[in-house]
Amino acid sequence: MIPWAVTRNYGTLLYWKCSVCHDGTKTEPIPATGHSFGAWKQTKAPTALKKGTKTRICSNCKAVEKQDIKKLKAKIKLNVKSIPLQVKKSTTAVKVTSKAKGDSIKSWKSNKPKIASVTSKGKITGKKVGTAKIKVTLKSNVSATVTVKVQNPWGYHRVFHLFPMLWMLMPRQLAMVPLENRKD
Ligand SMILES: [Zn+2]
């Protein structure tokens, strides 16, 4: 006779099945020694989205006990905190560099789509000069934000980096006033 299951009256009765004819069952009280469970073994790994399972087996009666393993703690990290982007240019440079196993990206969202828009795949496009925040959310609902600074490719400062001679030709007082503050 071999034991095959402990289904009802758990802890008080054993259900046996004949190892030769695989037929006929009988019940017996569990021996006074009771269960003697071995160590827990992980039988299904948890992920960020799903619980796992651990199992232990009684060496006396082969009873199986199962327990859930908590989901993995969700986390998210991006490769950058802030990126510059020119108007009319696109980038896919923002990446999730750290997340819990089993997790994946649920959405990308811009707080100012008129300044920087973003597709569901994370392609960011500069629309006009300004600053936008792009939020990446994972399926586990953790999120992270990257700041996108959209610049004019021929903006005031950049021109002088490329052609320093222009700076020399510029009237001094005008040259000291940042473009954003000028009224003309
Ligand atoms: Zn047992």
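## Before you start

What you see is a predicted model, in which local features need pLDDT of at least 70 and side-chain atom pairs count only at pLDDT 80 or more, while totals for chains, interfaces and linings use all residues. Residues are numbered from 1 along each chain as its sequence is written, and side-chain values use heavy atoms, with hydrogens and water left out.

## The whole chain

The protein chain has 3 helices and 15 strands. Here helices (H or I, at least four residues) and strands (E, at least two) are DSSP runs, numbered from the N terminus.

Of the 184 residues in the protein chain, 29% are buried. Buried means under 20% relative accessible area, exposed means over 50%, and partly exposed is in between (1.4 Å probe, protein chains only). The chain exposes about 12,900 Å², with carbon and sulfur atoms supplying 56% of that; accessible areas come from the Shrake-Rupley method with a 1.4 Å probe, and for residues only the protein chains shown count as cover. Now take contacts (heavy atoms within 4.5 Å): among those between residues at least 6 apart in sequence, 41% join residues at least 24 apart.

## A four-stranded sheet

Have a look at the open sheet of 4 strands, which runs in the order β8-β15-β14-β11 with mixed pairing. Two strands pair if DSSP finds at least two bridges between them. At the edges sit β8 (82-86) and β11 (105-110), each pairing on one side only. On average, neighbouring strands of this sheet are turned by 25° against each other, direction ignored. For such angles, axes are lines fitted to C-alpha atoms (for helices, over the stretch in contact), and angles run from 0 to 180 degrees between N-to-C directions.

Within the sheet, β14 (residues 130-138) pairs with β15 (residues 143-151) in the antiparallel sense, over 8 bridges.

## The zinc site

Which residues hold the zinc ion? His 35 (ND1), Cys 58 (SG) and Cys 61 (SG) coordinate the zinc ion, at 2.1 to 2.2 Å. Donors are N, O and S atoms within 2.8 Å of the metal (3.2 Å for Na, K and Ca); water is not among the atoms, so sites may look incomplete. Along the chain, the donors follow the spacing H-x22-C-x2-C.

His 35 lies in the loop between β3 (25-29) and β4 (41-44), and Cys 58 in the loop between β5 (52-57) and β6 (64-69), so this pair ties together parts 23 residues apart in sequence. His 35 is partly exposed at 26% relative accessibility, whereas Cys 58 is buried at 0%. That loop between β5 and β6 also holds Lys 62, which has a positive phi of about 65° although it is not a glycine.

## Charged pairs

Side chains of opposite charge can pair when their charged atoms come close. The whole structure has 2 salt bridges, each being a side-chain nitrogen of Lys or Arg within 4 Å of a carboxyl oxygen of Asp or Glu.

One of them joins Lys 51 and Asp 68 (3.7 Å, N to O). Lys 51 is in the loop between β4 and β5 and Asp 68 is in strand β6, so the pair links parts 17 residues apart in sequence. Lys 51 is partly exposed at 47%, and Asp 68 is exposed at 52%. Glu 65 and Arg 56 also form a salt bridge, with their closest N and O atoms 2.9 Å apart. Glu 65 is partly exposed at 21%, and Arg 56 is partly exposed at 22%.
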